[in-house]
There are 2 protein chains.
Amino acid sequence: MKDSWTMDELNIGDAQSVTITLDEENVEAFAKATGDYNPIHMDNEYAGTTPFGQRVVHGVLITGVVSGLLGTKFPGLGTVARELTSKFSKPVFLGDTVTATAQVVEKNDKLNMCTLKYTVKNQEGITAVKGKAVVLPKRQ
Amino acid sequence: MKDSWTMDELNIGDAQSVTITLDEENVEAFAKATGDYNPIHMDNEYAGTTPFGQRVVHGVLITGVVSGLLGTKFPGLGTVARELTSKFSKPVFLGDTVTATAQVVEKNDKLNMCTLKYTVKNQEGITAVKGKAVVLPKRQ
């Protein structure tokens with residue numbers, strides 16, 4: 001697959017996706033990366049006492065999957081992210097397989113700036129995260 | 001230190017910080033967690049050819065540090081994040097020590113919802129990330 005688009009090659013409505021299964025290993029690596037050892041993500045016993053009833057994947061880990069899509073696939077290598085907004089509507093549980101999709105919704109050729117909306121759905125098609133990214137795709 | 005605040009205990013202007021050094025280990029763990037192996041973060045040679053001139057820490061990793069602050073320290077355990085917006089203004093390089101600070105700017109007692117603004121500065125006091133978090137602190 002093509003791994004980077006310049007502004008000229010991006011059209012409103014264009015979209016690409018990535019799918020990943022998020023498991024205990026991902027959650028542990030994310031905790032190590034960020035220092036976020038919140039027991040809602042790490043501790044079965046504690047998480048069992050919360051409204052979620054079980055451990056949930058860090059929300060920002062899911063934003064990270066989107067950021068990987070933007071930076072390595074679409075628009076791809078050379079893209080610089082300026083702003084990312086994630087709205088977390090449903091939890092993602094350990095073992096879930098999520099698909100992140102980013103779609104071009106606005107282009108500002110003068111500033112070489114592009115806005116994409118994104119959604120992250122679980123294996124049942126339920127939307128866990130919605131968001132908006134403002135990025136600078138590579139110039140050429 | 002106190003590790004969780006309820007809505008009643010939070011006041012506009014209250015703030016807390018966390019400091020962490022972000023190094024190769026953090027970046028590698030984040031890539032493993034999210035699948036984001038963008039060479040701008042992972043590959044010295046490639047990163048040397050970009051405008052940054054060296055590897056940079058994943059922006060969303062830094063948002064993850066903020067999310068750890070929100071979820072484990074302030075407002076702390078039991079907090080649920082509904083929305084996180086990060087604006088990335090300056091790169092964070094491997095080995096940088098960053099301080100994330102979150103401050104209460106708005107409270108909606110009826111919805112048990114609280115808005116915090118956050119900043120992440122490097123060891124020179126330069127702001128790398130600014131953002132806004134909408135969270136539900138624990139009820140009691």
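1. Let's start with what helix 1 of chain A packs against. Its buried residues pack against strand 1 (15-21), helix 2 (39-42) and helix 4 of chain A, and also against strand 1 (15-21), helix 1 and helix 4 (59-72) of chain B. Helices here are DSSP runs of H or I with at least four residues, strands are runs of E with at least two, and both are numbered from the N terminus. The buried residues of helix 1 (residues 24-34) of chain A are A:Asn26, A:Val27, A:Ala29, A:Phe30, A:Ala31, A:Ala33 and A:Thr34. "Buried" stands for under 20% relative accessible area, "exposed" for over 50%, and "partly exposed" for in between (1.4 Å probe, protein chains only). Just past helix 1 of chain A, A:Gly35 has a positive phi of about 80°.

2. Keep in mind that this is a predicted model, where local features need pLDDT of at least 70 and side-chain atom pairs count only at pLDDT 80 or more, while totals for chains, interfaces and linings use all residues; side-chain values use heavy atoms, with hydrogens and water left out. Residues are numbered from 1 along each chain as its sequence is written, and chains are lettered from A and ligands numbered from 1 in the order in which they are written. Chain A averages a pLDDT of 96, and 99% of the residues score at least 70; pLDDT is the predictor's confidence in each residue, from 0 to 100. For the complex, the predictor gives an ipTM of 0.95 and a pTM of 0.96.

3. How do helix 1 of chain A and helix 4 of chain B cross? Their axes come within 9 Å and cross at roughly 85°. The two helices are therefore roughly perpendicular to each other. (Axes are lines fitted to C-alpha atoms, for helices over the stretch in contact, with angles from 0 to 180 degrees between N-to-C directions; under 35 degrees counts as roughly parallel, over 145 as roughly antiparallel, 65 to 115 as roughly perpendicular and the rest as oblique.) A:Phe30, A:Ala33 and A:Thr34 meet B:Leu61, B:Gly64 and B:Val65 in this contact, where contact means heavy atoms within 4.5 Å.

4. Now look at helix 4 (residues 59-72) of chain A and helix 1 (residues 24-34) of chain B. Their axes come within 9 Å, crossing at roughly 85°, which makes this pair roughly perpendicular. A:Leu61, A:Gly64 and A:Val65 sit on one side of the contact, with B:Phe30, B:Ala33 and B:Thr34 on the other.

5. On to the nonpolar core, meaning buried Ala, Val, Leu, Ile, Met, Phe, Trp, Tyr and Cys residues joined through side-chain atoms within 4.5 Å. The largest one has 67 residues, and A:Leu22 and B:Leu22 touch the most other members. Neighbours within four places in sequence aside, the contacts of B:Leu22 include A:Ala33, B:Val57 and B:Phe93.

6. Is A:Phe74 buried or exposed? A:Phe74 lies in the loop between helix 4 and strand 2 (80-88) of chain A, and counts as buried at 1% relative accessibility. Beyond four places in sequence, A:Phe74 touches several residues, among them A:Trp5, A:Leu69 and A:Leu116.

7. B:Gly68 is buried at 5% relative accessibility, and touches A:Asp36 and B:Lys73 when residues up to four places away are not counted. B:Thr63 is buried too, with a relative accessible area of 7%. Leaving out neighbours within four places, the contacts of B:Thr63 include A:Val60 and B:Tyr118.
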